[in-house]
Amino acid sequence: MIDDINFLLVGNSRLHWAENLQSKYKFFHTQKNNNVPQNINLNNLIWASVGKLPDLSLKQENRISTQDIKLKNLPNHFGVDRALGCLEALKIIENPSRKDLLVADFGTTLSITKLTAKGSIIGGQITPGFLTQLRSMEKYTDNLKAPKKYDIPVQDFLINTEDSMLKGVSNSLMGVINLSFNPAKDILIVCGGDSELIGSLLKQKKEEIIISPNLVMQGMITHFNH
Ligand SMILES: Nc1ncnc2c1ncn2[C@@H]1O[C@H](COP(=O)(O)OP(=O)(O)OP(=O)(O)O)[C@@H](O)[C@H]1O
Ligand SMILES: CC(C)(CO)[C@@H](O)C(=O)NCCC(=O)O
């Protein structure tokens, strides 16, 4: 492992960082218009991107692209975040019964990517993420405003408008997972900005779920070190 190498993933909404601190990594997130965080040297910053690039001098030779990731049947047009999440899931998940892996990345979008235990990509699904759904309802209606607090109601049917939106959106995300995830055949691993919020709700119904918010960043480190 090379000690002063740090990592950046440019997402669609935010920047995701892994800072190397004495061979351990600190993971944190910044907004796209923030300054480069202290202690991050752009010269040896390894980076990947699925979103609009921020105004930083990132070195082309330090970029990781989908084409660089060693997975079978990986289409070149797949986002590098999906490829890295799959790479890391293969590495960290104990899978003695050779189930398929389902990687669900709860970010600006929810991307689901399914792969075999041998690391061959099967395919996936893409749907609007938690905040994207809330904000699009605000954008395309007259009466709805995206809530500022994200307490998901326990009850199924709500009177309050914001509660109704929160329940509808969380149910829509859980519904996509529940329709695609068969615990007898698959192992589900969830990551991304909303993985703890939605993952904890999913876990109440199906226990065998792995919540790993920084899976994609860990995949970058794994890729770089091999
Ligand atoms: N401090 C925060 N700022 C913004 N979003 C946050 C924050 N904490 C959690 N989130 C959640 O993160 C989600 C966005 O996820 P994330 O930041 O992983 O997306 P992204 O990596 O930029 O997008 P994508 O992976 O789809 O390119 C939002 O739906 C939001 O609810
Ligand atoms: C699906 C997203 C937006 C998820 O971040 C990203 O992986 C991406 O831009 N992908 C390109 C298209 C694809 O993966 O099929």
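The legends below describe close-up views of a predicted model.

Because this is a predicted model, local features need pLDDT of at least 70 and side-chain atom pairs count only at pLDDT 80 or more, while totals for chains, interfaces and linings use all residues. Residues are numbered from 1 along each chain as its sequence is written, chains are lettered from A and ligands numbered from 1 in the order in which they are written, and side-chain values use heavy atoms, with hydrogens and water left out.

**View 1. The two domains and the contact between them.**
The domain assignment, which comes from an automatic or database source, gives domain 1 (6–62) and domain 2 (69–225). Taken over C-alpha atoms, the centres of domain 1 and domain 2 are separated by 22 Å. The contact, meaning heavy atoms within 4.5 Å, takes 17 residues from domain 1 and 12 residues from domain 2. The size of an interface is often given as the accessible area lost when the parts come together. Here the buried area, that is, the accessible area (1.4 Å probe) that two parts lose on being put together, summed over both, is about 1200 Å² between domain 1 and domain 2, and carbon and sulfur atoms give 81% of this area. On the side of domain 1, Phe 7, Leu 9 and Phe 27 lose the most area to domain 2, together 43% of what that side buries.

The side of domain 1 that touches domain 2 receives at least two residues from each of strand E1 (6–10), strand E2 (14–21), strand E3 (24–31) and strand E4 (45–49). Strands (E, at least two residues) and helices (H or I, at least four) are DSSP runs, numbered from the N terminus.

**View 2. Asn 44 in the loop between E3 and E4.**
Asn 44 is found in the loop between E3 and E4 and counts as buried at 18% relative accessibility, since buried means under 20% relative accessible area, exposed over 50%, and partly exposed in between (1.4 Å probe, protein chains only). The side chains of Asn 44 and Asp 4 are joined by a polar contact of 3.2 Å. Leaving aside neighbours within four places in sequence, Asn 44 is in contact with Asp 4, Ile 5, Asn 6 and Asn 62.

**View 3. The salt bridges of the structure.**
Side chains of opposite charge can pair when their charged atoms come close. A search of the whole structure finds three salt bridges, one of which brings together the side chains of Glu 19 and Lys 26 (3.8 Å, N to O). In this pair, Glu 19 counts as buried at 6% relative accessibility, whereas Lys 26 counts as partly exposed at 41%. The side chains of Asp 100 and Lys 114 also meet in a salt bridge (3.8 Å, N to O); Asp 100 lies in strand E5 (residues 100–106) and Lys 114 in strand E6 (residues 109–115), so the pair ties together parts that are 14 residues apart in sequence. Lys 114 forms a salt bridge with Asp 186 as well, the closest N and O atoms being 3.5 Å apart. That pair links distant parts of the chain, with Lys 114 in strand E6 and Asp 186 in strand E8 (residues 186–191), 72 residues apart. Asp 186 counts as buried at 3% relative accessibility, and salt bridges that share partners join Asp 100, Lys 114 and Asp 186 into one network.

Thr 66 has its place in the loop between E4 and H1 and, at 7% relative accessibility, counts as buried. A polar atom of the Thr 66 side chain lies 2.6 Å from the backbone oxygen of Phe 78, and the side chain of Thr 66 also reaches the backbone nitrogen of Val 80 at 3.3 Å. Helix H1 (residues 80–92) is mostly covered, as 10 of its 13 residues are buried, including Val 80 and Ala 83.

How values were computed. Polar contact = N/O pair within 3.5 Å; in protein donor to acceptor, adjacent residues only side chain to side chain. Salt bridge = Lys/Arg side-chain N within 4 Å of Asp/Glu carboxyl O.
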